[in-house]
Amino acid sequence: MAEVATARRSRITPEREAELYEAVLDLLREVGYDALTMDAVAARTRSSKATLYRQWGGKAQLVVKAIRHTKPGKDLGEIDTGSLRGDFHALMERADDAEMEQNGALMRGLAMAMHANPDLHSEFRSQIIEPEVADFRIVLQRAVDRGEVRPDCPALDFVVHMMLGAFVTCAVLDDKPPTRAFLTSYIDAVVLPALGVPTH
């Protein structure tokens, strides 16, 4: 039985998987997490509900995998330009203003849903937040090793909070989504000075 399940699981091609994840995100934007059902995903993607459950286990796992799959390019930890400013700017260059607007709305909706759905919160934390934080730590440790940032710099523990804060508060304070230009300026004006890194 396990062999049959494995064989079936392996039948989903990378192209089909990408198409399925895109459909999940489209549905998520249309109806929100709470109203999203595996039946709707099955109908939208012409899949059987049994296949979806067998492949992903449940709605929370499927949604989080879809979000993780659509992250652009290399992980932050793989970016190494030789300077912290260069690494952060390279990260921003991968961003797209239209995508950030879409994803910002998506993330705000998911943040609300996480309060009421512990399984979503747990999945999101283990698959998205913890890997992202680990990647930031790699980049920051390289900056410490290069002598750009003091190892005892108190701001090291708050870099992720600063970056996430800039992303989230744009919609609240300015009533508009963040842009690549805004986040790049924010990095130079706030994040790097807090770490004692020159911006010129």
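Rings of Phe, Tyr and Trp (its six-membered ring) count as a pair if their centres lie within 6.5 Å, with planes under 30 degrees apart called stacked, over 60 edge-to-face and the rest tilted. By that criterion the structure, a predicted model, holds three aromatic pairs.

Before selecting anything, note that residues are numbered from 1 along each chain as its sequence is written, and that side-chain values use heavy atoms, without hydrogens and water. Local features need pLDDT of at least 70, side-chain atom pairs count only at pLDDT 80 or more, and totals for chains, interfaces and linings use all residues.

Select Tyr 21 and Trp 56, which form an edge-to-face aromatic pair, 5.8 Å centre to centre with 70 degrees between the planes. This pair links distant parts of the chain, since Tyr 21 belongs to helix H2 (residues 14-31) and Trp 56 to helix H4 (residues 49-56), 35 residues apart; helices here are DSSP runs (H or I, at least four residues), numbered from the N terminus. Tyr 21 is buried at 2% relative accessibility, and Trp 56 is buried at 7%, where buried means under 20% relative accessible area, exposed over 50% and partly exposed in between (1.4 Å probe, protein chains only).

Next, select Phe 88 and Phe 136, a tilted pair with 6.1 Å centre to centre and 55 degrees between the planes. Phe 88 lies in helix H6 (residues 84-93) and Phe 136 in helix H8 (residues 118-145), so the pair ties together parts 48 residues apart in sequence. Phe 88 is buried, with a relative accessible area of 0%, and Phe 136 is buried at 7%.

Finally, select Asp 97, which is placed in helix H7 (residues 97-116) and counts as partly exposed at 37% relative accessibility.

Terms used. Helices (H or I, at least four residues) and strands (E, at least two) are DSSP runs, numbered from the N terminus.
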